[in-house]
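This report walks through one protein model, from single residues to the whole chain. Keep the sequence and the structure open as you read.

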Amino acid sequence: MRNFNLKSDITWRDVALRVAQIIFTVAIIVWFMPRDNKPNFKMEVGKVWLYNDLTATFDFPVYKSDSIVQREREEVLRDFEPYYVYDNTVADRQARELAEYLRKEMPEEGSAFIRAVLVPLRLIYREGIVDTKEPLQAVVLSAGGDSVAHLRRIDNKEVTSVAASQVYTPRQAYEELVKSSLLIPYQSVLQRVNLNNYLVPNLTYDEDHTESARLDLLNSVPLSSNVVQSGQKIVAQGEVVTPQIYQVIESYLKEFDRRNQSQSGFSLMVVGEVLFVLLIVTLLTIYLTLYRKDFFEQTRFLGMVFTLLILNTVLASLMVSHSILHVYILPLAIVPIFVRVFMDSRTAIMTHLTVVLIIASILQKPLEFIGVEMAAGITAVYSLRELNSRSQLFWTAIITTMVAMLTNLAIFLIRHNDFTKIDSSEYVYLVICGIVVFCCYPLLYVIEKFFGFISDITLIELSDMNKDLLRRMSEVAPGTFQHSIQVGNLSAEIARKIGGNPQLVRTGALYHDIGKIQNPIYFTENQSGGINPHDNLSYIESAQMIISHVTEGLKLADKHNLPVQIRDLIATHHGQGKAKYFFIKYKNEHPDEPVDDLLFTYPGPNPFTKEQAILMMADAVEAASRSLPDYTEQSIRQLVNRVIDGMVSDGFFHECPITFRDIQYAKTVLIEKLKTIYHTRISYPEMKK
C-alpha cells in the first residue's frame, strides 16, 4: 500500500521531464497553428450570416469585383487608339527608286507613264501604309478591345487622330494603286512592273507610346466604389448576404490582410498562440500530477493522452489553414472515448476539454464549437462506461451525434430565433462525424498494440473457453480449470466492490495457473486415485515443481501473445511468497540446517496494481478453502482473515495502490461468496419400502 505524498514523491527529475513534455507538445501544436490572423469566414451569396455582427475596425475602400473591373476596363479600351510613327521620307525614297527603274527598264513609255504611276503612289503614302508586322487587329486585341476605329499618327512631334479606314495595308495600297484612273490606259504595261516592291510601310507601330497610353487608361478605372468608415456595421448576424455585402466583406478581408503583413504582427500572434497553448497544456499536466500521479509511472498513459491531443489539434489547424470542409467533421469524440476505455472518466473529460479549447482558439465561432464538442464528449463518456461489445460503440456514436446536433440547434435558436436561417451543412458534417466515430473502432486495436493497453472487448475475446489454452487446460487439468473459474468469479466481485477492473481480473484469473498444464498431476486439484508424485520427490524438488507453474505460465503467455497485463497477473499471483507446505516440511525435518529460502520462493514480483492484489487474495483464499473440514461461517471467516492478514504482514501489498479499506471490503466479499458456494444443502429423505 503506497503513500501518495505529493511533496515527497515528485523529484526534480520528474519536474524536468514534465516541463520537457509540455514544451515538446506546445512546440508541435503551435508550429501547425494558422499563422494568418485574418478572420476566416465561410459565406455564400444568398445565405444567412451565421457569425456575430461584423463591424469595421478601420477605414477601408470597397473594392469592385474582378468581373466589374474587367468590364469597365474593356469599356475604356473600346475607343483606345494605338500609336504609329509616320515616316515622310519613305514616299520620296520609293518614288525615286520606282522612277529610276521605269526610266531604265521602260524608256519607250515616256515621262507621261512615270507621272501616271507616281501621282497615286504619293497620294497613298500621304494617307499612310501600316506596318503589317503588327496588324491593327492584333494591337487592339492585346489592349483589350475588339476593333480599331482610330489610330494616333505621330508626324515629327505632331500627334493626330486618324480613322483606321483611311490608312492602308500593303495589300490594300497595291489594290488602290492599280485601280487608279490615271493608270487605266497602262494596265498591260503595269503587269510587267512589280509595284509591291515599292509599297513599304511608312506607319510603324510605336509600342512604347501605345503601352503607356493603355496603362493610363487602365489606371483611370477606379478599383473601389466607395469607402466604409471605422465603426460602421458591415453585416448583422442573421442577415442575408447580398452580392453588395459579400463584396464589402471581401474588401474588408483584403484590406485586413494588407494591413497585417508586418513581421511584428506575425511575431505577436505567435507569442499569443504559445502563451495560450502553454497555459492549457500546463493545466492538463497539473491535473494529472495532482489527481492521476500513477499515470506518470507508466509512460503509455501519457503517451496516449498527448498523442491524441497533438494529433487532433494539428488536424484541426491544417483544416482551418487550408479551408478544408468544417472542423465539425473531425471525430473529436474519440478522444474521450479512448481515454475513458483505457484510463478513467475524469481524465477523459479533462483531455477532451484541453483539445476543444485549443482548437476553439483558431476558429471564428469558438463558443458554439466549445458548446457542441463538450456536450458530445461528455455524452460519449457517460454512454461508454464499459466497452464490452461493438454495438456499444454504435449506440454511442448515434447518441453523441444527436446530442451534438441538438446542442448546435439550441445555440442557433438562442442567437437567431428563426428556423429558416439554419445552415444545414453543419448538421451534415455532424452526421458524417458520427459515422467516422463509429468507424474508428479499428483504432482501438491500434491504440492497444501501440501503447500496450487492453480493452474489455479484447478481454472478453480472451475469456472465450474455446481459446486454445483454456480448452487445453479444461482437458488436461480440469481441477485447475474449475479453480480458475472460481477465482475469476471471486476476483470480479471484489473488483466491482473496490473499484478495480472486473473484466481484467476475471480474464487474468482464467490464465493465472495456465502453467500447470505442463505437469498437471503435481497439483492436488488434478490428482485422483490417491496417487501423489510428490511422494517420490524431495521437498526442494517438489517446491521447484510447484513454483515452475509460474515460469511455465509466462512461457505459454509469450508463445500465445497474451497481453502484458495478463502476463503480469500470471507473474504476481503468488508474488514473492513461498511454497509454504514444502518449506515448512523441510524446516521441520532439518531444524539445524541452514535453508536457502530462494529454493522455496516464487520469482514474483509482488503485486503492483489493484487487480493483481485482488487476484492474489482470491487465489489463495479459494485454494485454502478446499482444505476446510467443515464450512461454517466462523471457519470461513477465520480462514479468510488468516490468509489475507498473512499477506499483509508479509508485505505483499507494499508496492500496490490498495488501501486497508479495500482489503477489508475484499475480505467481506470473499466471506459472503464462500458462504454461498459452500452452503449446507438439505438432506433428502429416503422412500420407505
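## Asp 568 in helix H24

Asp 568 sits in helix H24. Helices here are DSSP runs of H or I with at least four residues, strands are runs of E with at least two, and both are numbered from the N terminus. The model is predicted: local features need pLDDT of at least 70, side-chain atom pairs count only at pLDDT 80 or more, and totals for chains, interfaces and linings use all residues. Residues are numbered from 1 along each chain as its sequence is written, and side-chain values use heavy atoms, with hydrogens and water left out.

The cut-offs are under 20% for buried and over 50% for exposed, with partly exposed in between (1.4 Å probe, protein chains only). Not counting residues up to four places away in sequence, Asp 568 touches Phe 608 and Gln 612. Contact means heavy atoms within 4.5 Å. Leu 308 lies 260 residues from Asp 568 along the chain, and their C-alpha atoms are separated by 27 Å.

## Helix H20 and its cover

Helix H20 covers residues 468-476, and its buried residues are Leu 469, Leu 470 and Met 473. Seen down the axis of H20, these buried residues fall within an arc of 95°, so they line one face of the helix. The arc is that of the directions from the helix axis to the C-beta atoms. An α-helix has 3.6 residues a turn, so residues three or four places apart point the same way. On the other side of H20, Asp 468 and Glu 475 are exposed.

What covers the buried residues of H20? The cover includes helix H19 (456-462), helix H21 (478-498), helix H22 (502-511) and helix H23 (539-559). Arg 471 is also in helix H20. Arg 471 is partly exposed, at a relative accessible area of 35%. Leaving aside neighbours within four places in sequence, Arg 471 is in contact with Met 465 and Asn 466. The C-alpha atoms of Arg 471 and Phe 481 are separated by 9.1 Å, with the two residues 10 apart along the chain.

## Helix H7

Helix H7 takes in residues 170-178. Which of its residues are buried? They are Pro 170, Ala 173 and Leu 177. Down the axis of H7, the buried residues fall within an arc of 55°, so they line one face of the helix. These buried residues pack against helix H5 (110-127).

## Loops with backbone features

Leu 325 is in the loop between helix H12 (299-321) and helix H13 (334-342). Asn 561 is in the loop between H23 and helix H24 (564-572). Leu 325 counts as partly exposed at 45% relative accessibility, while Asn 561 counts as exposed at 64%.

Where is Pro 605? Pro 605 is in the loop between helix H25 (580-589) and helix H26 (610-625). The peptide bond from Gly 604 to Pro 605 is cis, with omega near 10°.

## Tyr 631

Tyr 631 is in the loop between H26 and helix H27 (633-649). Tyr 631 is partly exposed, with a relative accessible area of 29%. Leaving aside neighbours within four places in sequence, Tyr 631 is in contact with Ser 625, Arg 626, Ile 636 and Tyr 678. The C-alpha atoms of Tyr 631 and Arg 258 are separated by 88 Å, and the residues are 373 apart along the chain.

## The whole chain

The protein has 28 helices and 8 strands. Its C-alpha trace spans about 165 × 70 × 60 Å along the principal axes. The radius of gyration is 47 Å, whereas a compact globule of 689 residues would have one near 26 Å. This radius is taken over C-alpha atoms, and the globule rule is 2.2 Å times the number of residues to the power 0.38.

Buried residues make up 46% of the 689 residues. Among contacts between residues at least 6 apart in sequence, 78% join residues at least 24 apart.
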